[in-house]
Amino acid sequence: MTTRFRSISALCSILLILFVSVRPCDAAEKIVATIQVKDALTVPGQPATIEAKIDTAAAVRNVGLGGEPLELVVDGKVAATATTGADGRASFTYSTKTVGVLPIQVRLGASTRVLPATGEANLVVWERRNPILAIDMASLIETVHVEASIPGTGPQKNLEQKPMPDAAAEIGRLTQFYYRVIYIVPSTGSDGFQAGTQARAWLKTHHFPSGYMLMLPPGNEALGTKIDELRASGWNAIKVGIGRTKLFAEAFLQRRIDVVIVPEPTKSEIPRKAKTAKEWKEIRKKL
């Protein structure tokens, strides 16, 4: 009887060791990661390239996760798949004849080392003839301080910045039947993923109409370069730029595009031929 008891005890000990040895494979041991996605702009029936990035917070900076399976989800269905490179980035190609600002998701596929994660963005499908408003994010913020800059350019607290009175409602009226809107998002980062994610969340929180998020890298010439790139791609229907600074206005005026500065700056900050508005309620009168 004693021998049998010892055998059972030994068996239990072996099973306990095996149980402990497989615990690192549990979900609790997997990596926590985030997925960020950039908006994509295209015309009906033409393929769009959708960029995504998955990374994890390391001790000093975010580190991209290579070799991870990602899925592009459109209208609740998997539309394409891709595998991340060494930098954690992947791209998808997708086309649709549906016109509008279409919400999309990129989610993690079956991964052995990363917990489930999802990122969101917009696939913007417009006809080239549609008139476009290009709006600087700074013109939507009530007050821009050094310690609390606009969404997309600093820490998470910037998402709490208050919008200019009537800005969301006025843009809603302008885009209801006529204009399409591009939001110009300045970025201090190298790739623009985080800037786009923060700015998109801020716009959604404050009920702004959906549009295309144009990421703007650092540099005084960056805005002009982006406008030129859009035009070279066939987007020649940019009718008006709405911004907050002289530098913004000059980029449009140099390309013979109308511009409105809001709120109205000092006279020394108003370029020749630029229009001004004291508040967003006046914008429609200036277009």
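This is a predicted model: local features need pLDDT of at least 70, side-chain atom pairs count only at pLDDT 80 or more; totals for chains, interfaces and linings use all residues.
Six strands form an open sheet in the order β12-β11-β10-β13-β14-β15, with parallel pairing, where two strands count as paired if DSSP finds at least two bridges between them. Its edge strands are β12 and β15 (275–276), each of which pairs on one side only. Residues are numbered from 1 along each chain as its sequence is written, and side-chain values use heavy atoms, with hydrogens and water left out.

Although β12 is an edge strand, five of its five residues are buried, so β12 is largely enclosed by the rest of the structure; buried here means under 20% relative accessible area, exposed means over 50%, and partly exposed lies in between, with a 1.4 Å probe and protein chains only. In a regular strand the side chains alternate between the two faces of the sheet. In β12, Y212, L214 and L216 point one way and M213 and M215 the other way, and all are buried.

An α-helix has 3.6 residues a turn, so residues three or four places apart point the same way. Just after α4, G234 takes a positive phi of about 100°.

On a 1 Å grid over the protein atoms alone, a cavity is a set of points where a 1.4 Å probe fits but cannot get out, and its lining residues have an atom within 4 Å of a point; grid points are joined across faces, edges and corners, and a volume is the space filled by probe spheres set on the points. By this rule there is one cavity of 30 Å³ or more, and about 40 Å³ of space lies in the largest cavity. Its lining consists of A134, I182, I184, L214, L223, I227, L230, I238 and F252. By class, the lining has nine nonpolar, no polar and no charged residues, where Ala, Val, Leu, Ile, Met, Phe, Trp, Tyr, Cys and Pro count as nonpolar, Asp, Glu, Lys and Arg as charged, and the others, Gly among them, as polar.

A further open sheet has five strands in the order β2-β9-β8-β5-β6, with mixed pairing, and its edge strands are β2 (40–42) and β6 (77–83). Strand β5 (residues 69–74) and strand β8 (residues 100–108) run antiparallel and are joined by five bridges, with L72 standing opposite V106 in β8. N122 has its place in strand β9 (residues 118–125) and counts as buried because its relative accessibility is 10%. Not counting residues up to four places away in sequence, N122 touches D39, A40, V101, L102, P103, I104, R200 and G211.

In the loop between β9 and β10 lies R128, which is partly exposed, with a relative accessible area of 29%. Leaving aside neighbours within four places in sequence, R128 is in contact with V43, Q46, S233, G234, W235 and A237. The C-alpha atoms of R128 and S233 are separated by 9.9 Å, although these residues are 105 residues apart along the chain.

Elsewhere, strand β3 (residues 48–57) and β7 pair in the antiparallel sense over six bridges, and A52 stands opposite A90 in β7. Taken as a whole, the protein has six helices and 15 strands, and buried residues make up 45% of its 287 residues.

How values were computed. On a 1 Å grid over the protein atoms alone, a cavity is a set of points where a 1.4 Å probe fits but cannot get out, and a pocket is an open set with protein on both sides within 12 Å along at least five of seven lines; lining residues have an atom within 4 Å of a point. Helices (H or I, at least four residues) and strands (E, at least two) are DSSP runs, numbered from the N terminus. Contact means heavy atoms within 4.5 Å.
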